[in-house]
Amino acid sequence: MENATFNIPVKTLLVICSLLLLSSCAKKLHFATSTVVPAAEGTVKYKKDDNGNYAISVKIVNLADPKKLVPSKNTYVLWMETDRSNVQNLGQINSSSGWFSSTLKASLEAVTPYKPRSFFVTAEDNATVTYPSPQVVLRTQ
């Protein structure tokens, strides 16, 4: 009977430790306060997966419609600076319920083979640009 009582807390402790180890492998970066969209706040989480790639998750709140920027743009794009000093377009940042709805929540999930060094968001005319515009909206600290 004592072993059964003892095994439950040990199993629970093992599960908690496993979860902590898994979550501690992920890196979390915060975007600095923006001069372009001061209310915008967000984070980038990235983690190396089993294939050696980096899974990236971005969540941003209070990101204004890019058409309201000066100059007006059509979309936001997430860029990553790699450990090889390259800049990579990770994709268009999408709102959770249509284009920048009244909830003002936006997100992006991406995978890359390159190790991230930093991230930034630009306002662009289209999402397929190969080089970032100078209109940087957010940058990780």
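E124 lies in strand β8 (strands are DSSP runs of E, at least two residues, numbered from the N terminus). The model is predicted: local features need pLDDT of at least 70, side-chain atom pairs count only at pLDDT 80 or more, and totals for chains, interfaces and linings use all residues. Residues are numbered from 1 along each chain as its sequence is written, and side-chain values use heavy atoms, without hydrogens and water.

E124 is buried (under 20% relative accessible area, 1.4 Å probe, protein chains only). E124 has no salt bridge (a Lys or Arg side-chain nitrogen within 4 Å of an Asp or Glu carboxyl oxygen). The nearest side chain of opposite charge, K73, is 5.9 Å away. Beyond four places in sequence, E124 contacts residues including K73, T75, V77 and W79 (heavy atoms within 4.5 Å).

Strand β4 has 8 of its 8 residues buried, so the rest of the structure largely encloses β4. T75, V77, W79 and E81 cover one side, with Y76, L78, M80 and T82 on the other. Its pairings follow (at least two DSSP bridges between the strands).

| Pair | Sense | Bridges | Example partners |
|---|---|---|---|
| β4 and β8 | antiparallel | 8 bridges | T82 and P116 |
| β4 and β5 | antiparallel | 5 bridges | L78 and G91 |

β4 and β5 form a hairpin with 4 residues between them. S85 in the turn has a positive phi of about 65°.

The largest nonpolar core has 24 residues (buried Ala, Val, Leu, Ile, Met, Phe, Trp, Tyr and Cys joined through side-chain atoms within 4.5 Å). Y76 and L78 touch the most other members. β3 gives the largest share, 4 residues.

Technical notes. Buried < 20%, exposed > 50% of the residue type's maximum accessible area, 1.4 Å probe, protein only. Lys, Arg positive; Asp, Glu negative; His and termini not counted.
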